[in-house]
Amino acid sequence: MDRRDFLKKSLVSATVAGTGVAAISKQEIAVASSQKQAADHVPPGQLDEYYGIWSGGQSGEIRILGLPSMRELMRVPVFNHDAATGWGRTDFSKELLGGRITGDTHHVHLSYTNGTYDGRYIYVNDKAQSRLARISIPNMEVDAIVNIPNSQGTHGIFPQRHKTGLVLCNSEFRIPVSDDPADHIDPSKYVTFHTAIDGETMKVVWQVMIDSNLDLCATDYKGLYSFATAYNTEGGVRLEDMIALDRDFLIVFNLERIAQAVKEGRTITLKDGDGDAPIVDARDADSPFVLRIPIPKSPHGVNIDPTGRYAVCSGKLSPTVSVVDLEKLADAFAGVIKPRDCVVAEHEVGLGPLHTAFDGRGNGYTSLFIDSNITKWNIEKAIRAYQGEDVNPIVDRIDVYYQVGHTNASMSETKDADGKWLIALCKLSKDRFLNVGPLHPENDQLIDISGEKMKLVHDGPAYAEPHDCILLPKDVIHPLKFNDKKGPRHELYKAWAKEDKVRLTRHGRVFRKGERSVRVYMPCKAPKFKLKQFEVFEGDEVQIIVTNTNNVADLPHGLTISHHDVTMLVNALDTQSITFTAGKPGVYWYYCPYFCHALHLEMRGRMIVKSRPA
Ligand code: RUQ
Ligand code: CUA
């Protein structure tokens with residue numbers, strides 16, 4: 001039974017007056033299908049062909065959209081606190097977040113197997129607090145968060161693509177890693193790290209210490225290399241010092257050599273560092289672990305094309321993109337050729353190139369922040385032009401509105417790039433939407449790239465501040481209807497139930513666990529909580545474990561307690577727990593916050609708080 005059938009049935013059985021849930025009328029369907037079919041038009045009742053996974057920027061969440069309609073389907077809280085779900089308030093999420101309540105999500109990527117998305121995990125970083133989170137796709141919830149040691153401004157991240165292996169994370173801000181106050185003042189002592197996290201265990205595997213700002217991150221398709229664009233080679237701490245030189249670098253990390261050094265213990269320990277992951281020191285200009293490929297100043301994005309052969313670095317302060325041939329890296333690491341010899345094209349695309357996406361047909365699409373457009377260019381022609389041939393690599397340009405940051409195309413970062421859709425994440429919408437006050441929405445624009453010319457088909461207002469997104473056909477991921485109860489969150493409930501000898505789905509019980517602590521088991525089923533009331537003392541630490549026993553897809557319940565800042569969602573057949581301190585003596589109604597039944601408003605009970613006996 002689905003939720004709709006359930007609601008209809010509950011209306012009848014509750015004998016509440018009303019017309020029931022209206023079906024979509026034939027008339028409505030006729031109107032929808034007679035409308036002119038725009039490329040982004042998905043008629044009511046029809047499903048999208050693609051999922052888009054968006055990082056939510058300083059909102060700290062991720063969002064899931066359907067494409068081409070650009071309908072926002074869901075938000076998944078990650079580093080933020082979310083009153084709709086209780087994320088940040090429930091016991092498990094609170095523990096994962098470690099007391100933090102904000103985050104800044106920048107880059108989202110799926111886990112890979114054999115060069116394409118395997119539908120298991122989403123990884124997303126927090127730039128503000130240097131963390132990496134993992135979302136289990138079947139359950140569509142965060143199951144792990146790891147702190148990245150010795151780092152500030154964890155920015156670019158990228159998982160390996162040959163298998164679900166390492167997730168590489170760049171730290172952007174150079175910082176001292178010593179407790180000596182003298183080292184804090186002297187920027188020449190500052191360092192950054194390229195950190196490898198195991199994508200399965202979510203543990204830090206190793207860190208490579210380096211001296212320049214590491215910006216965007218990429219991995220190859222074979223598991224041999226990872227990449228970081230590096231700006232501020234100057235090591236400046238003021239803007240004018242950061243952009244003094246005309247050259248910066250694409251840094252290539254030799255993963256085999258790093259792993260070998262870690263295995264042989266050729267690592268260093270920081271006296272005042274965080275964590276105990278092995279650290280490989282690659283600050284030396286001749287370090288065998290990294291290759292520094294000189295490219296024009298302050299590059300930003302680095303993207304690997306779907307053939308796996310080329311890395312494309314977008315120039316940011318230089319109007320160029322630089323194409324690096326990964327097949328030349330082995331010779332460069334061996335010293336047979338110079339690092340710069342790996343660059344096989346470097347052509348002008350326009351002002352402010354930030355990121356490049358691909359269509360799987362040999363073209364790159366570079367976002368130009370200053371010019372506010374997406375420029376389509378041909379990789380092979382760019383290489384021929386670099387060799388001196390008189391060809392123009394530029395194929396097409398399209399204006400976007402306005403100031404585009406990231407751009408990404410459907411399956412662009414996989415070997416299955418399909419060249420159908422492209423998103424331009426525009427930082428400003430200016431006057432393209434109704435005025436909503438001082439802060440305007442951003443504008444996520446959908447562009448049809450299936451033909452030779454690009455076509456703008458949709459403007460999508462977005463709340464602050466989508467940073468990056470990936471687009472994938474709908475059959476890549478298979479979210480479950482019910483939580484699989486396998487994650488670490490469910491281990492907690494199982495342990496508690498065992499300790500108290502209760503069945504989560506059956507027993508409504510109150511246990512005094514200590515002089516000032518109480519645990520309450522609260523199964524529920526529409527429209528009733530198992531316990532109609534329970535009693536605690538003022539100042540008790542109360543933990544409530546709520547289990548939704550409705551075997552009905554998408555029939556959420558939850559628990560909200562008046563005046564106690566307690567609210568959470570409990571999905572069908574799922575359990576959640578929350579802990580709070582009981583307030584002053586009195587009666588406090590608790591209720592189900594999700595509209596679940598004709599008697600939803602009656603789905604409530606009383607928490608009676610009594611004075612503590614003397
Ligand atoms: S960076 S706008 Cu945070 Cu993804 Cu390029
Ligand atoms: Cu359960 Cu409303």
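Predicted model: local features only at pLDDT ≥ 70, side-chain atom pairs only at ≥ 80, totals over all residues.

Q: What makes the pair of His-300 and Asp-215 a polar contact?
A: The cut-off for a pair of N or O atoms is 3.5 Å. The side chains of His-300 and Asp-215 are 2.6 Å apart, so the pair counts.

Q: Why is His-300 called buried?
A: Its relative accessibility is 13%. Buried means under 20%, so His-300 qualifies.

Q: Where is His-300 found?
A: In the loop between strand E16 (290-296) and strand E17 (302-304).

Q: What does His-300 touch, leaving out residues up to four places away in sequence?
A: Its contacts include His-155, Leu-216, Thr-229 and Lys-316. Asp-215 and His-355 are also among them.

Q: How do you know that Arg-131 is buried?
A: Arg-131 has a relative accessible area of 2%. The limit is under 20%, so Arg-131 is buried.

Q: Where is the place of Arg-131?
A: In strand E6, residues 131-136.

Q: What does the side chain of Arg-131 reach?
A: The backbone oxygen of Thr-102, at 3.1 Å.

Q: Which residues is Arg-131 in contact with, leaving aside neighbours within four places in sequence?
A: Among them are Phe-79, Leu-97, Thr-102, Asp-126 and Ile-145.

Methods:
Residues numbered from 1 in each chain as written. Chains lettered and ligands numbered in written order. Heavy atoms only, no water. Helix = DSSP H or I, 4+ residues; strand = E, 2+ residues; numbered from the N terminus. Buried < 20%, exposed > 50% of the residue type's maximum accessible area, 1.4 Å probe, protein only. Polar contact = N/O pair within 3.5 Å; in protein donor to acceptor, adjacent residues only side chain to side chain. Contact = heavy atoms within 4.5 Å.
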